[in-house]
Amino acid sequence: DSLKGVHVTGTVPDERPYYDESDVFVIPLRLGGGTRIKVPAAMSMGIPIVSTSLGIEGITGLTEGEIATADSPQEFSAAVIRLINDPVVRRLQADAAREKAKSLFDWSISISNLERAYSLARSLNESSGI
């Protein structure tokens, strides 16, 4: 069974073509855990996102201008429809999300944070005599 306009692929070797074809990235997550790796991927590829609060859990510093969050089915569908129907808002949100992704997830920032963590760990070990 399938819905009109919905195609379930299963595992694919490269997700990027699917992102490229997307107008809106939806994360209707209501249960579950794990990493939210698809959120920064969609952000960095300039795909506007509508998510539940749980769908972006653990990703700090996001604003409504960068990602739309909605937890009720009515609010969620309204946010998706708004982005689909308004290319200007869709582009503004996508651009804001891409810029936020650069500031949160860029490799140079990640490496800098990791180097600081290692330095702090080294200092703590040295001061404790370990």
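I took helices (H or I, at least four residues) and strands (E, at least two) as DSSP runs, numbered from the N terminus. This is a predicted model, in which local features need pLDDT of at least 70, side-chain atom pairs count only at pLDDT 80 or more, and totals for chains, interfaces and linings use all residues. Residues are numbered from 1 along each chain as its sequence is written, and side-chain values use heavy atoms, with hydrogens and water left out.

**Largest pocket**

I searched a 1 Å grid over the protein atoms alone; a pocket is an open set of points where a 1.4 Å probe fits, with protein on both sides within 12 Å along at least five of seven lines, and lining residues have an atom within 4 Å of a point. Grid points are joined across faces, edges and corners, and a volume is the space filled by probe spheres set on the points.

I read a volume of about 980 Å³ for the largest pocket. Of its 27 lining residues, His7, Tyr18, Ser22, Phe25 and Val26 are the closest to the centre. I noted that α1 (16–20), β1 (25–27) and α2 (38–44) each supply at least two residues of this lining, and that β1 has the largest share, with three residues.

For classes I counted Ala, Val, Leu, Ile, Met, Phe, Trp, Tyr, Cys and Pro as nonpolar, Asp, Glu, Lys and Arg as charged, and the others, Gly among them, as polar. The lining of the largest pocket has 13 nonpolar, eight polar and six charged residues.

**Second largest pocket**

I found a volume of about 150 Å³ here. The lining consists of Glu64, Gly65, Ala68, Ala79, Arg82, Leu83, Val89 and Gln93. Two or more of these residues come from each of α3 (73–85) and α4, and α3 gives the largest share, three.

**Glutamine 93**

I then looked up Gln93, which lies in helix α4 (residues 87–105). Gln93 is buried (under 20% relative accessible area, with exposed over 50% and partly exposed in between; 1.4 Å probe, protein chains only), because its relative accessibility is 6%. Leaving out residues up to four places away in sequence, I listed its contacts as Pro48, Ile49, Gly65, Glu66, Ile67, Ala68 and Leu83 (heavy atoms within 4.5 Å).

**Aromatic rings**

Rings of Phe, Tyr and Trp (its six-membered ring) pair if their centres lie within 6.5 Å; planes under 30 degrees apart count as stacked, over 60 as edge-to-face and the rest as tilted. I counted one aromatic pair by this rule. The ring centres of Tyr19 and Phe25 are 5.5 Å apart and their planes are at 10°, so the pair is stacked. Tyr19 is buried at 6% relative accessibility, and Phe25 is buried at 16%.
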